[in-house]
Amino acid sequence: MIEHLYVHIPFCPRKCSYCAFVTHVGSLKLMEPYLRALAREAESQAEEMPGGPLSTIYFGGGTPSMMSPEQLSRLLATFESVWSLTPKPEITIEAHPSTVDADKLGRYMQSGANRLSFGAESMQSGELKSLGRQHGEDRVREVVEIARWAGFSSINLDLMYGIPTQTRASWRDSLHRVVKLRPDHLSLYPLSIEPKTIFARAWRQNALHIPDDDQVSSMYDDACALLTAAGYIHYEVANWALPGHLCRHNLAYWRNREYYGLGVGAHAYLRPYRIRNVEHTRPYIDRTLSRGMARCESVYLDADSQLNETAMLGLRLLQEGVNIRDIREKHGVDLLVRAGQEGRRLLDAGMLTQRGDRLLLSESAVPVANEIWQTFLSTSPKVMSNTLSTN
Ligand code: SF4
């Protein structure tokens, strides 16, 4: 049964310099029709592919914290009536530090949300400015305190490394400062220059100065050492958590479970299809309100493609790994046989370890994970992509 739901809320106060997410910046005029479209799409998806009860709901963006508590409450009531919820669902809201206060977070909590994910990005004001963020590092400290006061016992902070003006020393300082705040979960991402962003333009004009690959790799090593010493579990390539605070929703992605996905630009995995919605807000609203859905792509995955994904995603889980016995039973494929001599070499070199039925990527191999994943992929999966009409 499908028990996970992703909901995309595209509205943002302003566009950050590195951002390539599907966003709708500035006005909130479309928020109400957008929420109506989400409710309609929920009904359509549930009708097409029955599932539930939901054990996780993740509001990502964009900036979901631009929703009022009443709007959040209404949406959650709709999802509960469409799918029903398990007794203790994990309900996460991504929040921009400049869009929340104590009253709002308290009322989010009353609406049923129980996990917050703040885009802190850095603990250095100069770096935040270079990213085009609207908050300073003091604000990160304040919102964590406010969130605790409001009753949230599970808080994530996102941080970025490899960003303009950053040095190894400033990165380490940011890590020390966040660890003092004791968030329950940390997601750390290297900067990636995505097309059509402010940074991409600056890069083309030679006006973007960022740390080189060796420095970025050292920053990753710094994070591994410092966070492990602080008691965090490095459970996924880019994610660390205190015991008991692993993100259940994201675990479902890495375990290759199915999930519903609602909203503009949202992805869903309704086996055997990976589905993607249109990427502009107004057409999403109009099409969904009139037809129930606004998809632009549906990709059929055959059994071999599903196996490739399961192996690749499972290897991201550094403590859990990929279960080779499950794969053998389900797909009739022995991953180690498939990896051949190269697999043996990776095991001998300590880049991979085998623990019973589980195959795990070692922390030191994360910087070369992309090459390692290739070793386990079949070269002949059949993927059929159907680009749907967006008229
Ligand atoms: S707040 Fe997040 S989604 Fe919005 S523009 Fe900034 S990075 Fe992009």
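Modeller: Happy to! Sorted by class, the shell around the ligand holds 5 nonpolar, 4 polar and 3 charged residues. Please keep in mind that this is a predicted model. The residues surrounding the ligand are Cys12, Arg14, Lys15, Cys16, Tyr18, Cys19, Phe21, Thr23, Gly62, Thr63, His96 and Arg133.

Now to the helices. Helix H6 spans residues 168-181 and helix H8 spans residues 213-229; the two pack with their axes 10 Å apart, at an angle of about 30 degrees. Angles under 35 degrees count as roughly parallel, and H6 and H8 are therefore roughly parallel to each other. Their crossing is right-handed. On the H6 side, the contact is made by Arg168, Trp171, Arg172, Leu175, His176 and Val179, which meet Ser218, Met219, Asp222, Ala223, Leu226 and Leu227 of H8. Sorted by class, this contact between H6 and H8 has 7 nonpolar, 2 polar and 3 charged residues.

One single residue also deserves a look. Threonine 281 belongs to helix H10, which covers residues 281-291. Its relative accessibility is 4%, so threonine 281 counts as buried, the cut-off being under 20%. Leaving aside residues up to four places away in sequence, threonine 281 touches Pro10, His24, Leu30, Tyr34 and Val264.

Conventions
Residues numbered from 1 in each chain as written. Predicted model: local features only at pLDDT ≥ 70, side-chain atom pairs only at ≥ 80, totals over all residues. Heavy atoms only, no water. Helix = DSSP H or I, 4+ residues; strand = E, 2+ residues; numbered from the N terminus. Buried < 20%, exposed > 50% of the residue type's maximum accessible area, 1.4 Å probe, protein only. Contact = heavy atoms within 4.5 Å. Axes fitted to C-alpha atoms, helices over the stretch in contact; angles between N-to-C directions. Parallel < 35°, antiparallel > 145°, perpendicular 65-115°, else oblique. Left-handed = near helix turned anticlockwise from the far one by under 90°. Nonpolar A, V, L, I, M, F, W, Y, C, P; charged D, E, K, R; others polar. Near = heavy atom within 4 Å.
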